[in-house]
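Here is my note on the structure, in numbered points. Please read it with the model open.

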Amino acid sequence: MTRPTRSARNSEAASCTPEAIAASPLARYRDLIDDWDAFAAALGRPLPTCVWANPSRISRDELALLIAEDGLASSPQPGLPQALSLAPGVRTGQRWWYCAGLAHAQESVSQLPAQLLDLEPGQRVLDMCAAPGGKTAQIAFALGNRGTVVANDISYMRIKALQGNLDRLGLVNVTTTCRDASNWPTASGQFDRILVDAPCSSEGTLRRNPSLLARLDPANAQRLGPRQRLLLRKAVHRCRPGGRVVYSTCTFSPEENELVVADILAEFPGTLRLLQVSLPGWETSPGVTHWDGRDLAPELARSLRFWPHRNDSGGFFIAVLEKDASAPAEPEPEPAPLDDADGAEWLEGLRSKYGLPDDYWSGYRVNRQTRRGLHLMAADHAPPAQPPAAGSGLFFHRTNARPPKPTTGGAMLFGRDVAQFALDLSESQRDAYLRRETFAPTPDQWEQCTPGQAVARYRGHVLGIAVLHPSGVIESQFPSRWSASMAGAD
Ligand SMILES: C[S@@+](CC[C@H](N)C(=O)[O-])C[C@H]1O[C@@H](n2cnc3c(N)ncnc32)[C@H](O)[C@@H]1O
């Protein structure tokens with residue numbers, strides 16, 4: 001299937017006219033919306049691009065400077081202290097600062113569920129429907145890149161994409177699993193926080209994906225509701241007493257939002273309550289308490305609706321649920337067995353080659369999950385034995401390659417701190433590196449580095465691994481699948 005070009009997408013946006021919106025199934029929400037004309041007009045406008053700064057690598061202001069030097073305008077995103085708003089349609093994946101893991105693109109409202117989880121280091125967190133992983137990454141950083149996040153998705157391909165994002169951002173506290181979360185095993189134990197960012201009819205993403213307008217069908221909401229109830233019910237079961245479950249969707253339909261939450265609240269009387277939460281900097285509307293002839297409990301008004309015309313965003317829904325502290329607690333789960341037999345030797349090899357400080361790896365532990373190489377995890381990362389992991393931590397060293405070499409994610413993790421075997425690239429070398437081209441070293445680079453593998457950096461930010469050949473060329477080892485997105489870069 002060919003992807004629509006940007007101009008095709010723009011003309012689709014043009015087809016999201018107020019008349020087309022009024023004639024679409026969205027008209028059934030007319031009575032829920034305070035200003036229908038503003039709502040319909042907002043859906044016809046393309047969505048601003050939003051990126052957040054990787055807190056382990058750069059501040060938002062520093063990122064804004066790099067983005068400005070790259071010729072793009074940005075402004076602070078209201079209500080999101082780490083995020084910047086850019087023009088609609090910016091292809092962030094083609095920018096060097098994105099490849100270097102300094103930023104992550106995520107729609108603004110989509111960043112709110114993680115904030116409402118009330119995260120603190122030391123909590124054990126489950127993200128049930130996690131791919132492609134923007135919220136997982138936010139959660140993992142909120143825990144200080146320590147402890148245990150389990151990120152699950154039913155789609156293996158989407159889990160692969162999630163893993164790529166986590167590696168680029170340098171996260172070592174996430175285990176990924178791939179299964180239907182409605183069958184999530186009891187043996188995984190209980191979690192302090194659970195996010196159910198449920199599969200939904202996605203009506204709120206129209207500004208990003210205008211072609212959806214032609215496919216909107218209220219039957220989707222009826223079809224998805226039962227699946228969403230299964231997921232939310234499972235989350236409540238797996239939540240620790242006193243813990244929090246956040247349920248979110250990017251759709252408007254009450255059948256997938258308040259009605260789901262109302263039914264699950266009714267199943268757990270006295271054990272589950274809907275919290276009243278606030279989000280400074282955001283205009284929210286209360287959840288719906290009457291729909292399609294049904295009256296819901298007044299507390300459903302505590303859930304939050306985000307209408308596109310109120311915050312210049314997509315549409316979104318969030319409910320924050322708390323499980324009573326008196327609910328029964330379960331014993332800690334059995335931890336997954338780890339194979340770290342040869343890990344210390346490999347870490348020491350890297351430490352001495354790159355001149356890293358003596359105790360450099362003290363906050364980490366190593367796991368040989370595959371014959372291909374080693375994963376690096378936070379020292380206190382403790383994934384459960386069940387369900388089996390697709391991956392734990394960051395795949396950081398290919399020990400079966402000849403010669404062995406750190407992965408790009410691995411190099412990004414330690415490459416800032418190396419005292420030797422670093423190549424500091426010029427701007428044109430940086431672009432050649434990201435296009436996987438070979439290029440000539442400067443005389444200074446010959447002096448800086450002896451032949452062999454080296455960490456490639458641009459202004460102190462790590463891009464990955466390069467090889468300085470004795471013949472006098474630098475070979476890029478930037479991953480081909482990441483480089484493909486750079487091919488058309490400006
Ligand atoms: C709204 S998206 C999640 C977006 C993600 N939380 C993020 O922030 O990047 C919903 C996800 O649910 C997954 N999914 C659908 N049914 C599922 C199920 N039964 N169990 C687990 N994941 C499921 C889909 O593959 C999809 O990736």
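1. The largest cavity holds about 40 Å³ of space. A cavity is a set of points on a 1 Å grid over the protein atoms alone, where a 1.4 Å probe fits but cannot get out. Grid points are joined across faces, edges and corners, and a volume is the space filled by probe spheres set on the points. The count comes to one cavity of 30 Å³ or more.

2. What lines the largest cavity? Ser201, Glu203, Leu216, Asp217, Asn220 and Ala221 do, where a lining residue has an atom within 4 Å of a point. By class, this lining has two nonpolar, two polar and two charged residues. Here Ala, Val, Leu, Ile, Met, Phe, Trp, Tyr, Cys and Pro count as nonpolar, Asp, Glu, Lys and Arg as charged, and the others, Gly among them, as polar.

3. A word on the source. This is a predicted model, in which local features need pLDDT of at least 70 and side-chain atom pairs count only at pLDDT 80 or more, while totals for chains, interfaces and linings use all residues. Residues are numbered from 1 along each chain as its sequence is written, and side-chain values use heavy atoms, with hydrogens and water left out.

4. Next, the second largest pocket. Its volume is about 280 Å³. A pocket is an open set of points with protein on both sides within 12 Å along at least five of seven lines. The lining has 13 residues, and Gln82, Gln111, Gln115, Gln138 and Ala142 lie nearest the centre. Helix H6 (112–116) and H7 each give two or more residues to this lining. H7 gives the most, with three. Helices (H or I, at least four residues) and strands (E, at least two) are DSSP runs, numbered from the N terminus. The lining divides into nine nonpolar, four polar and no charged residues.

5. Now the ligand. How many residues surround the ligand? There are 20, and the closest are Lys135, Asp153, Arg158, Asp180 and Asp197. A residue counts as near if one of its heavy atoms lies within 4 Å. The shell has ten nonpolar, three polar and seven charged residues.

6. Look at the backbone around the ligand. A ligand nitrogen is 3.0 Å from a polar backbone atom of Cys129. Another entry on the list is Ile154, with a polar backbone atom 3.2 Å from a nitrogen of the ligand. For Ala131, a polar backbone atom is 3.2 Å from a ligand oxygen. A polar contact is a pair of N or O atoms within 3.5 Å. The protein covers 87% of the 600 Å² of accessible area that the ligand has on its own, by the Shrake-Rupley method with a 1.4 Å probe. Helix H7 (134–142) and helix H9 (218–238) give two or more residues each to the shell.

7. Check the peptide bonds. The bond from Ala131 to Pro132 is cis, with omega near 5°. Pro132 is in the loop between strand S5 (124–127) and H7. Arg402 and Pro403 are also joined by a cis peptide bond, with omega about -5°. Pro403 is in the loop between strand S19 (394–398) and strand S20 (405–406).

8. One backbone angle deserves a look. Arg436 is not a glycine, yet has a positive phi of about 65°. Arg436 sits in the loop between helix H14 (427–434) and strand S22 (438–439).

Methods. Polar contact = N/O pair within 3.5 Å; in protein donor to acceptor, adjacent residues only side chain to side chain.
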